[in-house]
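Me: I have a structure open and have not looked at it before. Can you walk me through it?

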Amino acid sequence: METSSFGIAIMAAGKGTRLNSRRPKVLHQIGGQALLLHVIAAAKTLVPAIQIYCIIGHQADAVRAAAASTGVHFILQPEQRGTGHAMQQLRSHFASTGQTAPENLLVLSGDVPLIQPSTLQALCAFHLAEHAAMTILTAVPPSPTGYGRVLRASDASPEVQAIVEQKALTPAQLSTPEINSGIYCFRTSALFAHLDSLSTNNAHGELYLTDVAALLVAHRERVVALRSSGPVEEVLGANTIEEMMHLDAAMRLATARRLMAQGVTIFRPETSVIDASVQIGPDTILQPFVQLLGDTRIGANCHIASYNVLENTHLGDNVLVLPSCVITDTTVEDGAKLGPFSHLRPATHIGPEAQIGSFVETKSAWIGAGTKAHHLAYLGNATLGANVNIGAGTITCNYDGEKKHPTTIGDGAFIGSNSTLVAPINIADTAYVAAGSCITEDVPADSLALGRSRQVVKPGWVSARKQSARQCD
Ligand code: UD1
Ligand code: CA
């Protein structure tokens, strides 16, 4: 469908009073992304960013900053006097800049975040085919309470008489099941011509964009409705945190379904929290209660046990992650084994077949192929070669209170338990560090370093002490 005659307006200036939150409504997140960014992403599939006009007002600077990188225009609605008033600001923008307004306008709500490009395409196509002045996207949800209702000329007719807001419904209209989604197409000239006729004579004392429907009908313009054929969540608004969490769950379940269709086994998918951006290879298994966030990519045939939180993390194939790891900005190569309870912090690289076990923390660490750190270690600013063995309790002392310093450990080196490696330090290939050492000088290849005092044993010391105590009595 040709959408070149369309501009898109996104209404995002409202406060979101019903959220009881200090954050503006359109910056609340579902599916790991702000509501407004979901809507802008859908809009950008239809038209280029320069044909998108985002109307902002409440905490405009924060909203603008969050969406600046999308390249859309921002239009300020300094006082938020209703959705009709938001459209008046758009009209003023075209009047004051001399820019030509687009022939048709697709109007989206910043708080209807799950809207899909295919539905918007269908709406625009219907609008053009019907030669309508206004086309309203509608739905019939299980509970229409709270929404504006669409009154059609007759049940079978696409023609609409009016949109009536919840608070203005007569007792007879209360049972009207078809809701206004807050998404519309307009012939721009028809919309702009009637904006000045809106009144604030309603329950909120606002200028309602919805009232344009009846105004157009009164002027013999064609107003039609298209009922969305997709899942109802696609057109639901997010006015309360509870509604947002409902949409978040719906979105994540859709992501889980997509992944399952691609061969990923997800036990109890309703418990997993997977961002839409996540990619997973076939035959990978996710146990319940796993969070996969941001730019996370997982290869084939991996096993991710419960209570793992992976963010911006790339796993190769055949990786095993035992329960309760927190892994951020990390790359893990094929066949590695992690957890339980590993904490891999940013800029960690785990080589193929490496093993990182319980209570091991890494940060800016390169771990070579087949290297093992099975328990209780801190590896920071560290570069470990292949087949290194890190004993329990090994600490890279990388920070002197002012600067971070590097530790390098060569291939096949063995670090005994409870060693402190004071950086900068280099432990060469195949070297051994004796358990309990504090290592402050480089260790050459093929050497053993002992950094502790020699053990002293005093035979008979215990009984000698007891005897001397008796003599003093
Ligand atoms: C609106 C519709 C209602 C529809 C529902 C669908 C009106 C009068 N009512 O109600 O028929 O069923 O959406 O979700 O339009 N906004 C501005 N400037 C303002 C006021 C609002 O930009 O001055 C923005 C809000 O940020 C929001 C959108 O417009 O993104 C809708 O406003 P909201 O107050 O949520 O309208 P609803 O009461 O949900
Ligand atoms: Ca709303």
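Reply: Start with the ligand. There are 23 residues around ligand 1, and those that come nearest are Gly14, Gln77, Thr83, Glu165 and Asn180. Keep in mind that this is a predicted model.

Me: Where does ligand 1 sit?

Reply: Ligand 1 is in the largest pocket. Two elements give two or more residues to the shell around the ligand: helix H3 (83-97) and strand E10 (179-187).

Me: Which one gives the most to the shell?

Reply: Strand E10 does, with 3 residues.

Me: Which polar backbone atoms are listed with an oxygen of ligand 1?

Reply: A polar backbone atom of Ala13 is 2.9 Å from an oxygen atom of the ligand. For Ala12, a polar backbone atom is 3.5 Å from an oxygen atom of ligand 1.

Me: And what about the side chain of Lys25?

Reply: An N or O atom in the Lys25 side chain is 3.2 Å from an oxygen atom of ligand 1. On its own, ligand 1 has 760 Å² of accessible area, and the protein covers 91% of that.

Me: Where is Lys25 found, and is it buried or exposed?

Reply: Lys25 is in the loop between strand E1 (6-11) and strand E2 (29-30). Its relative accessible area is 9%, so Lys25 is buried.

Me: Which side chain does Lys25 make a polar contact with?

Reply: The side chain of Asp111, at 2.8 Å.

Me: Switching to cysteines. How many disulfides does a search find?

Reply: The search covers the whole structure and finds 0 disulfides.

Me: Now the backbone. Where are cis peptide bonds found?

Reply: One is the bond from Gly339 to Pro340, with omega near 0 degrees. Another joins Ala423 and Pro424, where omega is about 0 degrees.

Me: Which loops hold Pro340 and Pro424?

Reply: Pro340 is in the loop between strand E24 (337-338) and strand E25 (343-344). Pro424 is in the loop between strand E33 (420-422) and strand E34 (425-427).

Me: What is phi for Tyr307 and for Asn318?

Reply: Tyr307 has phi near 65 degrees, which is a positive value in a residue other than glycine. Asn318 is also not a glycine and has a positive phi, near 55 degrees.

Me: Where do those two lie?

Reply: Tyr307 is in the loop between strand E18 (303-304) and strand E19 (309-311). Asn318 is in the loop between strand E20 (314-315) and E21. With a relative accessible area of 43%, Asn318 is partly exposed.

Me: How far is its C-alpha atom from that of Ser358?

Reply: The two C-alpha atoms are separated by 9.4 Å, and Ser324 and Ser358 are 34 residues apart along the chain.

How values were computed. Residues numbered from 1 in each chain as written. Chains lettered and ligands numbered in written order. Predicted model: local features only at pLDDT ≥ 70, side-chain atom pairs only at ≥ 80, totals over all residues. Heavy atoms only, no water. Disulfide = S-S within 2.5 Å. Near = heavy atom within 4 Å. Polar contact = N/O pair within 3.5 Å; in protein donor to acceptor, adjacent residues only side chain to side chain. Areas by Shrake-Rupley, 256 points an atom, 1.4 Å probe, with all protein chains shown as cover. 1 Å grid on protein atoms, 1.4 Å probe; cavity = no way out; pocket = protein on both sides within 12 Å on 5 of 7 lines; lining within 4 Å. Sits in = over half its atoms within 2 Å of the grid points. Helix = DSSP H or I, 4+ residues; strand = E, 2+ residues; numbered from the N terminus. Buried < 20%, exposed > 50% of the residue type's maximum accessible area, 1.4 Å probe, protein only.
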